[in-house]
Amino acid sequence: MEQTISPEISPEKMDFRAYSISWNLTKRCNLNCDHCYLDAEFRGGLKTDELNTEECFRVIDQIAEVNPNAFLILTGGEPLLRPDIYEIIRYAADKKFMVVLGTNGTMINRVNAEKIKAAGAHGVGISIDSMNPDKHNKFRGVEKAWEHSMEAFDILNEVGVDFLVQKSVSDMNYKEIPDVVEFTEKIGAIAFNLYFLVCTGRGQGNTDISNAAYEEALKMLYDQQMKYKGKLMINSKCAPQYKRVVYENDPESVYTRTYSGGCPAATHYSRISPEGNLTPCPFIEESVGNLKSRSFKDLWENAPLMVQLRDRKELDGKCGSCEFSAMCSGCRARAFAETGNYMDPDPSCDYEPGKYGGKAITLKVEDTLGLEVEFQTQWTPEAKGRLDRIPSFARGMVVKGIEKFAAERNIRIIDEAVVKKSREEMIEKRGAMFPFLKKFINSENQ
């Protein structure tokens, strides 16, 4: 396979902006999942140590200092157990954050679905781990969980709230990936996320799937990506080596797109606990500080663990020498969970570096998430306004792609017609990776 040489973007040269924040608003939950990384409290009562409404507003203000258009995932526990969840969604949405609600779906009804929509959430994520109700319910620890989640999909479709389906990989269900993806597309979801277990929280006693099964699951996911190309956004979570699997099938694939440096923990992603502790990602439990006493900006920019995780030159073992480091770097949470060293190799990956000559395989500029928006060509105000409709982590990449399209055609001013044509051509040639790109090009009346 011939290696594609493209302009290199080194992680250490990037502006480490917080693009995505996962926020566990509460530990309370109405399910009892064995694999829960938060070790959420099954049917627990109100907790006094959780951030209150005003404290949540202050944290949102602090995040806006680092990124005024952050992608904010509000989850739990079960976030719908917080009576103020709609206020928090509205406050963040009014700040121009892109807000997604991560729920198990069992509490969704028409009334709260309407409230979620009215508050300004961009979508809802619901977990389905098997198309067999008994297997899903056992995995989630409560009877009828599957049935209630199915009802939630119907309600969200009726109310007009976008939703995505999430699945956590385990020995009992990894062979069911095609079945759940097929269901996801059939019910009209905008995306499917496949999560790979990191043995933290309540999941510490669990056994992860074997490395061979891990690789099989990633290849299965790629097959589904090709099957539903242009129809459904499909992502792997906590499995940065998926980009290596994509590259090995097609070095030019749009699905190699990722953050420069791969695993985004501490580089473009972080987690806030119910008590206000900031961690590099949901599966890294070590707090870098509490947002009641230190600002998000201070901790994001200066906390020693954040700084350490950004220095990918310090990766040990084969992750440090791997030619796919620029798009993978291994899962830092899984490395720590297994060895106690954040910079050790990801133990779930059996790939041996050197297969492609040992030369670093880098992302193309137009395929790199997390780039700062830099205009090199004149844009009309209307064309720039379209960028507000896509997540901030993709805006720099989209600008690079559109400006490349314009330069190749000697177009000196980018207007809405140029934006639409460039994105249509990208989707036609390479397939839409993100559903928002279709909205982006067909948004004259939105």
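A salt bridge, for this tour, is a side-chain nitrogen of Lys or Arg within 4 Å of a carboxyl oxygen of Asp or Glu. The structure holds 24 of these salt bridges, and we'll visit a few.

Before you click, some ground rules. This is a predicted model, where local features need pLDDT of at least 70 and side-chain atom pairs count only at pLDDT 80 or more, while totals for chains, interfaces and linings use all residues. Residues are numbered from 1 along each chain as its sequence is written, and side-chain values use heavy atoms, with hydrogens and water left out.

**The whole protein**

Start with everything in cartoon view. You have 16 helices and 16 strands on screen (DSSP runs numbered from the N terminus: helices are H or I with at least four residues, strands are E with at least two). Of the 446 residues, 59% are buried; buried means under 20% relative accessible area, exposed over 50%, and partly exposed in between, with a 1.4 Å probe and protein chains only.

Now think about contacts, meaning heavy atoms within 4.5 Å. Among those with a separation of 6 or more, 72% are between residues 24 or more positions apart.

**Colour by confidence**

pLDDT is the predictor's confidence in each residue, from 0 to 100. The protein averages 87, and 87% of the residues score at least 70. Select residues 1–14: pLDDT stays under 50 there, and the model has 38 contacts beyond four places in sequence for this stretch. Where pLDDT is low, the predicted coordinates should not be read in detail.

**Select lysine 167**

You'll find lysine 167 in strand 7 (residues 163–169). What is the nearest side chain of opposite charge to lysine 167? That is glutamate 176, 5.2 Å away, and lysine 167 is buried yet has no salt bridge (Lys and Arg count as positive, Asp and Glu as negative; His and the chain ends are not counted). A polar atom of the lysine 167 side chain does lie 3.0 Å from the backbone oxygen of aspartate 129. Leaving out residues up to four places away in sequence, lysine 167 touches a set of residues including Ile128, Asn173, Val180, Phe192 and Tyr195.

Select glutamate 50 and arginine 28, whose closest N and O atoms are 3.4 Å apart in a salt bridge. Glutamate 50 lies in the loop between strand 3 (41–42) and helix 1 (53–66) and arginine 28 in strand 2 (residues 28–29), so the pair ties together parts 22 residues apart in sequence. Glutamate 50 is buried at 7% relative accessible area, and arginine 28 is buried at 7% as well.

Next come glutamate 374 and lysine 400, bridged at 4.0 Å between the closest N and O atoms. The glutamate is in the loop between strand 14 (368–369) and strand 15 (378–379) and the lysine in helix 14 (residues 392–408), so this pair ties together parts 26 residues apart in sequence. Glutamate 374 is partly exposed at 42%, and lysine 400 is partly exposed at 25%.

Now move to arginine 409 and glutamate 408, with a salt bridge at 3.5 Å. Arginine 409 is partly exposed at 35%; glutamate 408 is exposed at 53%.

Last stop: select Glu215, Arg244, Glu248 and Lys355, which are linked in a network of salt bridges.

Terms used. A polar contact is a pair of N or O atoms within 3.5 Å; within protein, one must be able to donate a hydrogen and the other to accept it, and residues adjacent in sequence count only if both atoms are side-chain atoms.
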